[in-house]
Amino acid sequence: MSFALRPYQADVVTETRDNLRDVQSVLAVMATGGGKTALSGYMSGSASKRNKRVIFGCHRKELIKQTAKTFDKVGIPYGIIAAGFTGDRHQLVQIASIETLRRRLDWYGAPDLYIPDEAHHAGAATWASIIDSYKQKGSRIVGLTATPERLDGTGLGKWFDRMVSGPSTAWLIDQGYLSPYRLFAPSMPDLSGIKKIGGDFNRGELEKRMGGAAVVGDVVKHYRTLAHGRKAMAFCVSIKHSLAVVEQFQNAGYRAAHIDGDSPNRDELIKAFEDGRIEILSSVDLVSEGFDLPAIEVAILLRPTHSLSLFLQQVGRVLRPVYAPGFDLNTQEGRVAAIAAGPKPYALILDHSANTIDREKGGRGHGMPDDERNWTLAGREKKARSGSGEDEEAAVTTRQCPNCFRVHKPGPVCTGCGFEYPSMGRTVKELEGDLQEVERNAATVERKREQAKAQSLDDLVALGKQRGMKNPHGWARNVLAARNQKTQRRYAR
Ligand SMILES: [Zn+2]
């Protein structure tokens with residue numbers, strides 16, 4: 001038996017294979033939930049059938065176990081290279097812990113094909129040393145990831161020659177491979193003054209801020225309003241934070257439990273969650289990679305992060321569809337109808353981390369889960385998050401309804417409650433927020449001054465281009481709209 005690949009997965013495999021005729025390393029990009037495991041399983045299986053040696057590298061014990069389970073299911077024999085597992089070096093396919101693999105590089109020898117999972121970590125020393133070593137020895141490399149960039153937005157071109165991209169999250173939702181979703185951001189955390197370490201928030205400080213009783217109480221309150229009784233996974237900053245969240249949910253009468261990679265009763269907890277005995281599972285981002293649990297109906301985001309990768313993995317968890325039986329899952333209509341008729345017609349995302357909120361409004365600016373993202377091996381054209389990145393103006397990608405807290409793509413009407421935005425685009429309240437921000441930040445003032453000099457739409461577009469914006473036209477239109485509204489307010493007084 002082998003993997004029955006979905007058509008778009010088969011396309012990625014073919015394209016990857018074609019590229020490997022010309023180059024030694026390919027980065028295969030598949031959105032979270034698009035079926036990365038199917039790709040690695042298929043490639044491992046077919047390579048071993050041609051008597052090739054394959055190593056599949058991952059960096060967490062649960063991923064090793066999960067991959068082994070998948071390979072068992074489809075009958076691919078394998079050995080495991082990881083501390084705590086009995087190895088079988090005679091198998092053509094090896095599932096390896098990357099940590100262990102680095103220590104035993106010579107023990108097994110270079111494979112014909114090396115598949116590092118979660119390959120956006122490729123820049124980390126351990127990962128890079130294995131890839132470099134195997135490359136020198138002539139191995140072909142196929143990296144798998146949902147987010148082909150490093151935390152600072154730099155690309156992975158140093159380790160991969162070419163990139164092959166699977167379909168976008170938006171396409172997967174449209175086709176019924178992923179669940180549609182509704183996103184709400186009912187509260188914004190106050191993260192002022194929290195320092196960054198290694199490109200992301202200082203965890204200790206973040207834990208204190210996010211774990212405060214008032215903040216957590218608010219989370220419970222909004223779950224009750226927006227998602228009462230629906231199976232939720234909370235993504236927290238730390239174990240301590242997660243336990244605090246569990247406690248408050250329990251105090252409010254909900255059945256909640258903390259889970260992490262070391263929970264001895266992990267399988268039991270998951271089972272209890274699946275059959276409804278537990279309503280809320282709370283965790284740290286530890287389980288955000290490769291944790292496959294379609295039963296999750298609600299993602300509660302409690303971990304502010306600058307990592308787009310981490311953000312997309314967390315929301316990706318909740319987009320796994322649950323199909324009602326009796327539909328033809330080989331057609332788009334069948335899949336879409338099966339989701340609509342199932343227990344989870346749409347996923348709910350409750351963002352208390354401001355990860356989805358635009359940077360100019362104090363959020364992380366990761367946008368909507370299914371925004372189109374133009375990945376390249378060179379990384380983002382503009383490293384919007386490096387250096388003084390906090391002050392960079394990004395094009396407006398999301399809009400939040402002041403009435404129901406729904407976050408959605410910019411448009412004149414809230415997609416949740418139908419609230420109509422004032423005609424010129426942004427609410428008075430939002431603009432006042434902007435003005436206070438300007439006063440606080442001299443650098444921003446300078447940029448705004450530069451911006452104010454650009455009078456016409458063309459001037460603004462030129463400035464947008466000069467600033468390296470992804471969508472200079474959209475940005476310019478937004479600036480003009482805001483300006484017009486300000487003018488109106490002035491005259492109204
Ligand atoms: Zn609304």
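1. Helix H2 has 14 residues and extends 20 Å from its first C-alpha to its last, close to the 20 Å expected at 1.5 Å a residue, where the expected span is 1.5 Å times one less than the number of residues. Helices here are DSSP runs (H or I, at least four residues), and strands are E runs of at least two, numbered from the N terminus.

2. This is a predicted model, in which local features need pLDDT of at least 70 and side-chain atom pairs count only at pLDDT 80 or more, while totals for chains, interfaces and linings use all residues. Residues are numbered from 1 along each chain as its sequence is written.

3. Because 11 of its 14 residues are buried, H2 is largely enclosed by the rest of the structure; a residue is buried if 20 or more other C-beta atoms lie within 10 Å of its own, exposed if 12 or fewer, and partly exposed in between, with C-beta atoms placed from the backbone. Among the buried residues are Lys36, Thr37, Gly41 and Gly45.

4. In H2, Thr37, Gly41 and Gly45 meet Thr67, Thr70, Phe71 and Val74 of H3, contact being defined as C-beta atoms, placed from the backbone, within 7 Å. Just after H2, Asn51 takes a positive phi of about 65°.

5. Arg230 lies in the loop between helix H9 (213–227) and strand S11 (232–236), and it counts as partly exposed because it has 16 C-beta neighbours inside 10 Å. Leaving aside residues up to four places away in sequence, Arg230 touches Glu297, Val298 and Leu348. The C-alpha atoms of Arg230 and Glu297 are separated by 6.2 Å, although these residues are 67 apart along the chain.

Key: Contact = placed C-beta atoms within 7 Å.
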